[in-house]
Amino acid sequence: YRRRVHGGVFIPHPGAINSIPESVEMTLDLRDIRVDTRQKALDEIYGAAREISARRGVTFEMTVINQDPPATSSEGVLRCIETTCNSLGFSHRRMPSRAYHDSLFIARMAPFAMIFCVCQNGYSHRPDEFSTKEEVGRGVEVLTHTLARLSMELPSKL
């Protein structure tokens, strides 16, 4: 699960319920933990859109709004989180987040990693996302203990 594509916005023009749109604006959010595979996926999307539009006799434009490189979690911070989870008796696993706003800019200034709370059915960033108070409490406990451990670590170890 290193790549994600999210359909963001889909706006038909004129947008009337009883007419065929003259044009449509659409956005996609394409994320990957690697720049090369993200670019390959973007090239495939562009090629498919070009082929479909040619076959249907319509035009399309594609504009890339942003292509920041992905950020990589700090190995030292990850180890510290894992040590904390082990000491508290909590299960854990490493997961790529592909987070943009959560980590990309912090990574430019400091080592980072993310702690995720268990969500019911694994759903996240959806209206039906839900974590129990107990799971959120475990996340807070892991964060608190991890920050305490990190405050005693030398930055060179991170």
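Which residues make the nonpolar surface patch of about 490 Å²? Let's start there. One note before the answer: this is a predicted model.

The patch is made by Val-5, Phe-10, Val-24, Met-26 and Leu-28. Two elements give two or more residues to it: strand S1, residues 3-13, and strand S2, residues 23-32. S2 has the largest share, with 3 residues.

Take Leu-28 as an example. Leu-28 sits in strand S2. Is Leu-28 buried, exposed or partly exposed? Its relative accessible area is 43%. Exposed would need over 50%, and buried would need under 20%. So Leu-28 is partly exposed.

Now the inside. In soluble globular proteins, nonpolar side chains tend to be buried together. Here, the largest nonpolar core has 7 residues. They are Val-77, Cys-80, Ile-81, Cys-85, Phe-90, Val-142 and Leu-150. Which helix gives the most? That is H2, with 4 residues.

Look at Phe-90, one of the core residues. Set aside its neighbours within four places in sequence. Phe-90 is then in contact with Cys-85, Arg-138, Glu-141 and Val-142. Of these contacts, Cys-85 and Val-142 are listed in the core too.

Stay with helix H3 for a moment. Ala-148 is placed there. At 34% relative accessibility, Ala-148 counts as partly exposed. Ala-148 and Thr-84 are 64 residues apart in sequence. In space, they are 9.9 Å apart, C-alpha to C-alpha.

Last stop: the aromatic rings. How many aromatic pairs are there? The count comes to 1. The partners are Tyr-46 and Phe-60. A pair of aromatic rings is described by the distance of the centres and the angle of the planes. For this pair, the centres are 5.5 Å apart and the planes are at 55°. Under 30 degrees would count as stacked, and over 60 as edge-to-face.

Note on methods. Residues numbered from 1 in each chain as written. Predicted model: local features only at pLDDT ≥ 70, side-chain atom pairs only at ≥ 80, totals over all residues. Heavy atoms only, no water. Core = buried A, V, L, I, M, F, W, Y, C linked by side-chain atoms within 4.5 Å. Buried < 20%, exposed > 50% of the residue type's maximum accessible area, 1.4 Å probe, protein only. Contact = heavy atoms within 4.5 Å. Patch = residues over 30% accessible without salt bridge, like charges linked within 9 Å, V, L, I, M, F, W, Y side chains within 5 Å. Areas by Shrake-Rupley, 256 points an atom, 1.4 Å probe, with all protein chains shown as cover. Salt bridge = Lys/Arg side-chain N within 4 Å of Asp/Glu carboxyl O. Phe/Tyr/Trp six-rings, centres within 6.5 Å; stacked < 30°, edge-to-face > 60°.
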